[in-house]
Amino acid sequence: MKPLFIDTGITEKKLIHIRKVDTPYLDKPFHFHPNCELVLIEEGFGKRVIGDNVANFHEGDLVLMGPNLPHIWQNDNIFYAGNKKLRAKAVVVYFSPNLLDAMIDPGYLKPVRRLVEKAGRGIVIYGRAGETVRQKMLTLSGQEGLLQLIDFLSIINTLTSAREIRYLSGEKFVNTYNEKDVGRINTIYHFLLQHFKEDIELAEISRIANMAPTAFSRFFRQRTNKTFSRFLNELRIQHACDLLNHTDKSITEIGYESGYHNPTNFNKFFSALTGTTPSAYRKKIK
């Protein structure tokens, strides 16, 4: 398993790297690397795939990903239409999972190692711990030297005791990607994230992947732990949940805008993937 090269700024002499993102849209490909990655979304929204989890992201989202956990974050299509009022802003902290080994007594490292183990599935941090970490991350990039290290260690300490977390990838997810796979999945994901509202046949997505339909179906299931149809419906239903949560559009409109031209199909897939109906979901939110 060879990681797709992404410069995380981590070297033998520099075990923490902080990156401020401020661009018209997020443009990193689907990838993984041997470091931990803590992401705070300051501005922007879209879809993300972390391991085998498909979800929306919004301003304020705080996610910790462990070593070699494959992921991609992509803004919604409106960001790529040249709207200058929209920005993708984030604070990203990369750090080596072995960062503290040479600094702390082994007896005190158990909570940190448990945190890295949890992050292997990807975790969302929310509640009081999430707010504490958000505030510290916003000032972290402006710090230097010892002050930056102290603030970073404070963040790690908060995360090790955080109870308000939600796992992303399933317990059984295993990263089986190689370098060639990652490039192909990146092409597939970029296409699906941009066109999931459209009618996408197996033959079309197979051509995008430069594979025969049968080979594509087998490849996609082996690498993602789900069928192409399941993944596409997860994207659509996640988008529908976002619209139910953030707009007053009718359920019929939301189904259509999420790629379902038949209300019956929309309700069927929504219930299958969320365990409730669109109307009950909206009622619960309100």
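A polar contact is a pair of N or O atoms within 3.5 Å; within protein, one atom must be able to donate a hydrogen and the other to accept it, and residues adjacent in sequence count only if both atoms are side-chain atoms. Keep that in mind for the first stop. The model is predicted, so local features need pLDDT of at least 70 and side-chain atom pairs count only at pLDDT 80 or more, while totals for chains, interfaces and linings use all residues. Residues are numbered from 1 along each chain as its sequence is written, and side-chain values use heavy atoms, with hydrogens and water left out.

**Stop 1: Asn-75**

Select Asn-75, in strand 6 (residues 71-75); helices (H or I, at least four residues) and strands (E, at least two) are DSSP runs, numbered from the N terminus. Is Asn-75 buried or exposed? Its relative accessibility is 3%, so Asn-75 counts as buried. The scale runs as follows: buried is under 20% relative accessible area, exposed is over 50%, and partly exposed is in between (1.4 Å probe, protein chains only).

One goes to the backbone nitrogen of Leu-26 at 2.7 Å, and another to the backbone oxygen of Phe-45 at 3.1 Å. Beyond neighbours within four places in sequence, Asn-75 is in contact (heavy atoms within 4.5 Å) with residues including Tyr-25, Gly-44, Phe-57, Tyr-80 and Ala-88.

**Stop 2: the nonpolar cores**

In soluble globular proteins, nonpolar side chains tend to be buried together. A nonpolar core here is a set of buried Ala, Val, Leu, Ile, Met, Phe, Trp, Tyr and Cys residues joined through side-chain atoms within 4.5 Å.

Select Leu-38, Leu-64, Val-93, Ile-125 and Met-137: of the 29 residues in the largest nonpolar core, these touch the most other members.

Zoom in on Ile-125. Not counting residues up to four places away in sequence, Ile-125 touches Leu-62, Val-63, Leu-64, Gly-130, Arg-134, Leu-159, Ala-162, Glu-164 and Ile-165.

**Stop 3: Val-116**

With 18% relative accessibility, Val-116 counts as buried. Which residues does Val-116 contact, leaving aside its neighbours within four places in sequence? They are Cys-36, Pro-67 and Pro-97.

**Stop 4: a nonpolar surface patch**

Show the surface and pick Leu-146, Leu-147 and Ile-150, a nonpolar patch with about 310 Å² of accessible area together. Areas come from the Shrake-Rupley method with a 1.4 Å probe, and for residues only the protein chains shown count as cover. Patches are made of residues with over 30% relative accessible area and no salt bridge; like charges are joined within 9 Å, nonpolar side chains (Val, Leu, Ile, Met, Phe, Trp, Tyr) within 5 Å. Ile-150 sits in helix 3 and is partly exposed, at 45% relative accessible area.

**Stop 5: salt bridges**

How many salt bridges does a search of the whole structure find? There are 10, each a side-chain nitrogen of Lys or Arg within 4 Å of a carboxyl oxygen of Asp or Glu.

- Glu-43 and Lys-89 meet at 3.7 Å, N to O. The pair links distant parts of the chain, 46 residues apart: Glu-43 in strand 2, Lys-89 in strand 7.
- Arg-223 and Asp-181 have their closest N and O atoms 2.7 Å apart. Arg-223 lies in helix 6 and Asp-181 in helix 4 (residues 179-195), so this pair ties together parts 42 residues apart in sequence. Arg-223 is buried at 17%, and Asp-181 is buried at 7%.
- Lys-226, Arg-230 and Glu-234 are linked in a network of salt bridges.

**Stop 6: two asparagines with positive phi**

Finish with Asn-210, in the loop between helix 5 (202-208) and helix 6 (213-224). Its phi is near 60°, a positive value in a residue other than glycine, and Asn-210 is exposed at 65% relative accessibility. Then select Asn-225, in the loop between helix 6 and helix 7 (228-246). Asn-225 has phi near 65° and is partly exposed, at 43%.
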